[in-house]
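Subject: Structure handover

Hello,

Here is the structure you will be working with. Please open it next to this message and follow along; the findings come after it.

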Amino acid sequence: MALLVSYKQMLEMEPALLYEAFKPEFDKLVIGTLAMPINLPGTNYYFGFQGRKNVLKMLRKVIAERRASSATHNDMLGDLLSKEDPKHSLLSDEEILDQIITILYSGYETVSKTAMMSIKYLHDNPKALQQLREEHLAIRKGKNPEDPIGWTEYKSMTFTRAVILETSRLATIVNGVLRETTNDIEVNGYVIPKGWRIYVYTRETNYDPLQYTEPFTFNPWRWLDKGLESQNYCFLFGAGNRVCPGKELGIVKISMFLHHLVTRYRWEEVGDAAIAKFPRVEAPKGLHIKITKY
Ligand code: HEM
């Protein structure tokens, strides 16, 4: 779902078949990015490069077909290729391809894994689920089943936002952020030389009991204190110049998913799903749930 939504924004007009061929190759690329860097046939790292090669091949074909046709496309690739906008014509084809991959990549697992983990945490915390459901049923009151949700209604989903932020913290969907030092930096007596790449492992800060009381407890109510989101130790969406540009889009997508889930369905976990946290948050054997109508 998460990849399909982003894919349609990027390549709205392309046939579904391309998505069917695209997703498996894109999945290889995604898995390869967090794999041991051993580039031998059979490793995830190797498959990652193969996936990237095939993804690029498909995207290049789409670009070539669009250039050869006079049709206009109302999607992001259409904007990136637009000859009328001088801003975009500054990008080379390689840069356009990198933009597409970056945006598809960044909005994929972040959204799908947060949605998955929210299903798990809400299942395990009936009080939070009840409060979330009440928030959404109140929004649905007086609406027909197919009526869409408006911006003001979305903005009123304060508990939903709290659930999403707490899921993001407790599951730590993004393990950390990458930076490169532009000067020698001294931290606790250690010097990190200029030019070094640093991975700031945010799980440590997310579980710091000085910042989050009872850090291993799912407690969405802590986020009702609005100030928490802007604390300088809160790296759920990164920080500074490189802060996630898709933060609000991601929260909207998950909020809409939760809205439809809790107003229409109940669910029971089937079996005991094992959740892996490193190098990525995943349920290797799936998170199986039995869904019934609410
Ligand atoms: C719950 C969902 C999401 C989470 C938890 C998340 C988290 C993050 C984090 C931690 C970073 C690193 C920021 C830094 O280095 O300071 C990041 C970067 C980024 N995210 Fe997100 N993200 C989410 C959704 C999205 C979506 C939906 C999109 C776009 C469709 C997106 C696009 C990006 C991009 C393009 C970057 C790179 C920014 C840069 O390096 O300048 N993200 N995200």
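Two or more residues of the shell around the ligand come from each of α5 (93-106), α6, β1 (176-180) and α11 (247-264). Helices (H or I, at least four residues) and strands (E, at least two) are DSSP runs, numbered from the N terminus.

Before going on, note that this is a predicted model: local features need pLDDT of at least 70, side-chain atom pairs count only at pLDDT 80 or more, and totals for chains, interfaces and linings use all residues. Residues are numbered from 1 along each chain as its sequence is written, and side-chain values use heavy atoms, with hydrogens and water left out.

The ligand is surrounded by 20 residues, with R179, G238, A239, R242 and C244 the closest; a residue is near a molecule or strand if one of its heavy atoms lies within 4 Å of it. α11 contributes the most to this shell, three residues. By class the shell has eleven nonpolar, seven polar and two charged residues. Here Ala, Val, Leu, Ile, Met, Phe, Trp, Tyr, Cys and Pro count as nonpolar, Asp, Glu, Lys and Arg as charged, and the others, Gly among them, as polar.

What donor does the protein give to the iron atom of the ligand? There is a single one, C244 (SG), 2.3 Å away. Donors are N, O and S atoms within 2.8 Å of the metal (3.2 Å for Na, K and Ca); water is not among the atoms, so sites may look incomplete. C244 sits in the loop between α10 (202-206) and α11.

**The second largest pocket**

This pocket holds about 430 Å³ of space. Its lining has 21 residues, and M1, Y108, S112, K113 and M116 lie nearest the centre. α6 gives the most to the lining, six residues. Of the lining residues, 13 are nonpolar, two polar and six charged. Where does the pocket lie? Domain 1 (2-106) and domain 2 (118-173 + 215-293) both give residues to its lining, so the pocket lies between them. The domain bounds come from an automatic or database domain assignment.

On a 1 Å grid over the protein atoms alone, a cavity is a set of points where a 1.4 Å probe fits but cannot get out, and a pocket is an open set with protein on both sides within 12 Å along at least five of seven lines; lining residues have an atom within 4 Å of a point. Grid points are joined across faces, edges and corners, and a volume is the space filled by probe spheres set on the points.

**Backbone**

T172 is not a glycine, yet has a positive phi of about 45 degrees. F278 and P279 are joined by a cis peptide bond, with omega about 0 degrees.

Regards
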